[in-house]
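Subject: Structure handover

Hi,

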Amino acid sequence: MRSDADPCVDFYRYACGRFAEQNPRHPGQTYLFLNELQGQPTFELLARTLGQETRSGTGTPTEKALAAYYDSCMDRTSIDREDLRALASLRSKIEDATTPADFGRTLAALASVHTMPLFRVTPEADQRDTRRQILALSTPTLTLPSGGSYLRSADADQVLLKAYRLHVQQVLFLSGYSSKRAVAGAAQIQEIETGFARASVSATAARDPRNQYHITSVADLSALVPGIDWNVFFASAGVPTPKEINIVSPTSLKAVQQLLATKDRSALRAYLTLRLIESIPPILQPSRLAAENRLFGALIGSNAEGLSKAESCAIETYYARSDDMVRLFLARFAPETLKTDATPLVEEIEAQMKIDIQRAEWMSPGTREQALHKLSLIANNIAYSSLSDDYSAQPVLHQRALQNYLVAAEAKFRRRMSKIGGPTDRLAPSLGPLSDGAAYEPDRNEIELPAASLMPPSFDPKASPAENYARIGFTAGHEIVHGYDDEGRQYDGLGQLKHWWTKEDAAHFNDRAACFVSEYGSFAIDGTHHVNGSLTLGENIADNGGLHLALAAFLSAAAREGTDVNLADDGYTPLQRFFLSYAQSTCSSVDPQAERVQVETNPHTPDRFRANGVLRNTPEFGKAFSCSKGQPMMPVQTCRIW
């Protein structure tokens, strides 16, 4: 805290003002969050456990397999020796592909090891009938995080593009290209990715799900992109030929066809080679890490995130054998009562959402009834769901880390593709129990609060109600409100993309949403780089609504317990502690250049504005800290939807 700051002028500075100076980021670290310092780092704990298992040679067969996979990743000597030879067959397929059938087989082989250069292929719930899974084809992969960087002529973008070309040259050289061929390949790849950037849907436009839903048949897909034999692709990928496919971005696939039809084959080979090499985790390619760090340095002024080797290998083990790693985590580190402790609090937040919808005078009775029906159908995936994946058919090879990764990637791909045409599992995790984030899935009308996100400091049964409601209560509310933000409100209770708002109610919603667009668009990180109020609208609606719900639940619980929330104890009232706990959950230290990239590409508002933006829209906050109307943290006009 910075107690000399005025909480009514800048509450983030008051609550978090000394965090950055007291907790300097280490070299290579672009972000540092207070929660990281206060909590138990999940993958650090698991890395320590797997290291102990490796040394002891004891444990169950499952634990031994996990330890063996982890150990192969940690063995730098064997990784250097293995190098990229494990990719030889894939490289050959890239070099030899000339016909549409060749490209069908090659792209299927690349997809099976998590390399999807010209399009990403995934199962998803059909937005017209979310009970079933269909296949979706989405946009090509770009090296830079924003398509705008390829297209603008600003000096900063030109500096970045120069660093980008050097990066691509280095990766191609490390893959075996001669220096001359790498330079030529980098220029070709820049031209290819620039074309893809022009054809891509903007991040703001992509917030409308109808802009990403285009059902077509295999015949129509073949007519759109005849450069790929799609029947060969599906057969090679082990996918039964689908009757219907969702093309997320038809313009992007047109750009793919243009590439296949007009570009020199050497350009396409260079691009596919780059994407293959880049898809392999850097921990398994130490020679590539320096190239990655140079690009990160140009992009965000710092190196790639500085995870330890042990943590990186624990993450890779989780990727390969996720359910087994979850079982290990739950057995060793999670309280047995985790799910039962957290569920009542989530249900309290849902009860407050019900009250909020009932009181929303701007909604007509018919729309309100539909909103309440949707709320009643929300599926709560709290802590963890079923753990059913079997890895017994995935052998772990001693001192063959890259080969182990490729085997795991292919098995994971086959499991995912097997879901196409089958029923939708509403509780299938989108994040996984070891994530410290949370999510709302509109096409399943499901919120997910993973086990790792329910650990201290985010949630602790021993903590004060103010802390728990302000942290995990807010998180639960945030995810619930995502079902009613500018994107989520377009889905009904079954997760179907369906109009259930009257024209008048939709207009009322949009008027209120415009207030948030204007308010957050006025925030600037350095006086010139403004938050994109349209891109961040959904997250800002969820932040504001989530805190309102958490506050209402906190006040309701205090009334039941007979607690005076305005009675100071040790300097602060329970109500003030609630707001402090929320604000301090956003305390962070961020590299300035990384923050500039964030406001351009990220749907989340920078942390200081996530704190201040929400609290200035909360009248109870201003009263709790004795602010005056018209001060920055208690403006005359506030924004509110939920």
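C8 and C627 are joined by a disulfide, with an S to S distance of 2.1 Å; the term covers a pair of cysteine sulfur atoms within 2.5 Å. The torsion about that S-S bond is about -90°, so the link is left-handed. C8 sits in the segment before α1 (11-16) and C627 in the segment after α28 (619-624), so the pair ties together parts that are 619 residues apart in sequence. Helices (H or I, at least four residues) and strands (E, at least two) are DSSP runs, numbered from the N terminus. Both C8 and C627 are buried. Buried means under 20% relative accessible area, exposed over 50%, and partly exposed in between, with a 1.4 Å probe and protein chains only.

Two notes on conventions. This is a predicted model, so local features need pLDDT of at least 70 and side-chain atom pairs count only at pLDDT 80 or more, while totals for chains, interfaces and linings use all residues. Residues are numbered from 1 along each chain as its sequence is written, and side-chain values use heavy atoms, with hydrogens and water left out.

Back to the cysteines. A search of the whole structure gives 4 disulfides. One of them links C16 and C587, with the sulfur atoms 1.9 Å apart. Its S-S torsion is -80°, and the link of C16 and C587 is left-handed. C16 belongs to helix α1, and C587 to the loop between α25 and β9 (588-590), so this pair ties together parts that are 571 residues apart in sequence. C16 counts as buried because its relative accessibility is 5%. C587 is buried too, at 2% relative accessible area.

C515 and C639 form another disulfide, their sulfur atoms 2.0 Å apart. This link is left-handed as well, with -75° about the S-S bond. It connects distant parts of the chain: C515 is in helix α23 (residues 503-521), C639 is in the segment after α28, and they are 124 residues apart. Both cysteines, C515 and C639, are buried.

If you number the bonded cysteines in sequence order, the pairing reads 1-7, 2-6, 3-4, 5-8.

Next, helix α25 (residues 574-584). Of its 11 residues, 9 are buried, so the helix is mostly covered. Among the buried ones are L575, F578, F579, L580 and Y582.

Now the salt bridges. The count is 28, taking a side-chain nitrogen of Lys or Arg within 4 Å of a carboxyl oxygen of Asp or Glu.

- D126 pairs with R132, the closest N and O atoms being 2.8 Å apart. D126 is buried, with a relative accessible area of 1%. R132 counts as partly exposed, at 31%.
- R76 pairs with D80 at 3.0 Å, N to O. Both lie in helix α6 (residues 76-82), 4 residues apart, about one turn of the helix. In general, an α-helix has 3.6 residues a turn, so residues three or four places apart point the same way. R76 is partly exposed at 42% relative accessibility, and D80 is partly exposed at 41% relative accessible area.
- D4 pairs with R2 at 3.3 Å, N to O. D4 is exposed, with a relative accessible area of 55%. R2 counts as buried, at 17% relative accessibility.

Best wishes
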